[in-house]
Amino acid sequence: LFSKELLLSSFPQSGKTVLANFLTESSDITEYNPTQGVRILEFENPHVTSNTKGTGCEFELWDCGGDPKFESCWPALMKDSHGVVIVFNADLPSHLKEIEMWYSCFVQQQFLQDTQCLLIAHHKPGSGSDKGNLTLSPPLNKLKLVHSNLEDDPEEIRLEFIKYLKSIINSVSESRDREEMSIIT
Ligand SMILES: Nc1nc2c(ncn2[C@@H]2O[C@H](COP(=O)(O)OP(=O)(O)OP(=O)(O)O)[C@@H](O)[C@H]2O)c(=O)[nH]1
Ligand SMILES: [Mg+2]
């Protein structure tokens with residue numbers, strides 16, 4: 001089973017690359033280097049297997065550059081993606097409008113289900129905000145929201161990401177089953 005995940009946000013320096021490296025265990029935090037266009041990370045997660053045979057699943061995590069100048073790449077990015085992860089800075093609630101736009105563009109218009117979208121409120125070290133006071137308005141409040149704080153609680157986001165990958169695998173194999181059925185019948 002193969003799945004393509006998108007990691008995006010329209011905001012540079014929100015921590016996408018740092019998170020992507022952490023979640024795929026690629027490399028440690030280095031100094032800031034703006035992602036140009038997109039960076040594709042291939043990975044497997046030992047905790048996520050396809051439910052039928054217990055074989056591994058291959059994932060691609062597309063770590064997108066947040067600079068608006070890459071907007072022209074978006075249509076190519078969304079094509080055939082199975083999941084969308086939106087990373088935003090929990091300290092800047094003014095981003096919420098843009099998150100709505102991303103959600104509508106990358107999830108709703110691509111006919112993805114809400115379970116295929118994950119919102120990550122990323123807390124950079126040294127930021128004062130706490131998780132309590134973040135409330136989202138519809139339609140975003142239907143989505144799964146997790147907080148990531150790699151300095152204080154790295155395991156939380158790791159576990160949530162595994163859960164998310166599992167739900168993606170379920171929807172991908174369900175839609176594949178449906179397709180097979182429609183061919184047979
Ligand atoms: N120590 C630490 N630094 C972080 C963390 N998140 C972000 N940073 C810092 O913020 C910088 C920017 O983060 P990136 O992950 O590169 O940002 P990005 O969202 O990929 O930015 P673009 O590629 O331009 O869209 C990093 O180089 C780190 O220095 C974190 O959880 N811990
Ligand atoms: Mg980046």
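## Buried face of helix 4 and the overall fold

In helix 4 of this predicted model, the residues I157, F161, Y164, L165, I168 and I169 are buried. An α-helix has 3.6 residues a turn, so residues three or four places apart point the same way. Helix 4 itself covers residues 154–184, and its 31 residues reach 46 Å from the first C-alpha to the last, close to the 45 Å expected at 1.5 Å a residue.

The protein as a whole has four helices and six strands, which follow one another along the sequence in the pattern β-α-β-β-α-β-α-β-β-α. Its radius of gyration is 16 Å, close to the 16 Å that the globule rule gives for 185 residues, so the protein is as compact as a globular protein of that length. Some overall values for the protein are collected below.

| Property of the protein | Value |
|---|---|
| Span of the C-alpha trace along its principal axes | about 55 × 35 × 30 Å |
| Buried residues, as a share of the 185 residues | 26% |
| Contacts joining residues at least 24 apart, among those between residues at least 6 apart in sequence | 77% |

The surroundings of the ligand complete the description. Ligand 1 is surrounded by 19 residues, of which G15, T17, Y32, T35 and G66 are the closest.

Notes. Residues are numbered from 1 along each chain as its sequence is written. Chains are lettered from A and ligands numbered from 1 in the order in which they are written. This is a predicted model: local features need pLDDT of at least 70, side-chain atom pairs count only at pLDDT 80 or more; totals for chains, interfaces and linings use all residues. A residue is near a molecule or strand if its C-beta atom, placed from the backbone, lies within 6 Å of it. Helices (H or I, at least four residues) and strands (E, at least two) are DSSP runs, numbered from the N terminus. The expected span of a helix is 1.5 Å times one less than its number of residues. A residue is buried if 20 or more other C-beta atoms lie within 10 Å of its own, exposed if 12 or fewer, and partly exposed in between; C-beta atoms are placed from the backbone. The radius of gyration is taken over C-alpha atoms; the globule rule is 2.2 Å times the number of residues to the power 0.38. Two residues are in contact if their C-beta atoms, placed from the backbone, lie within 7 Å.
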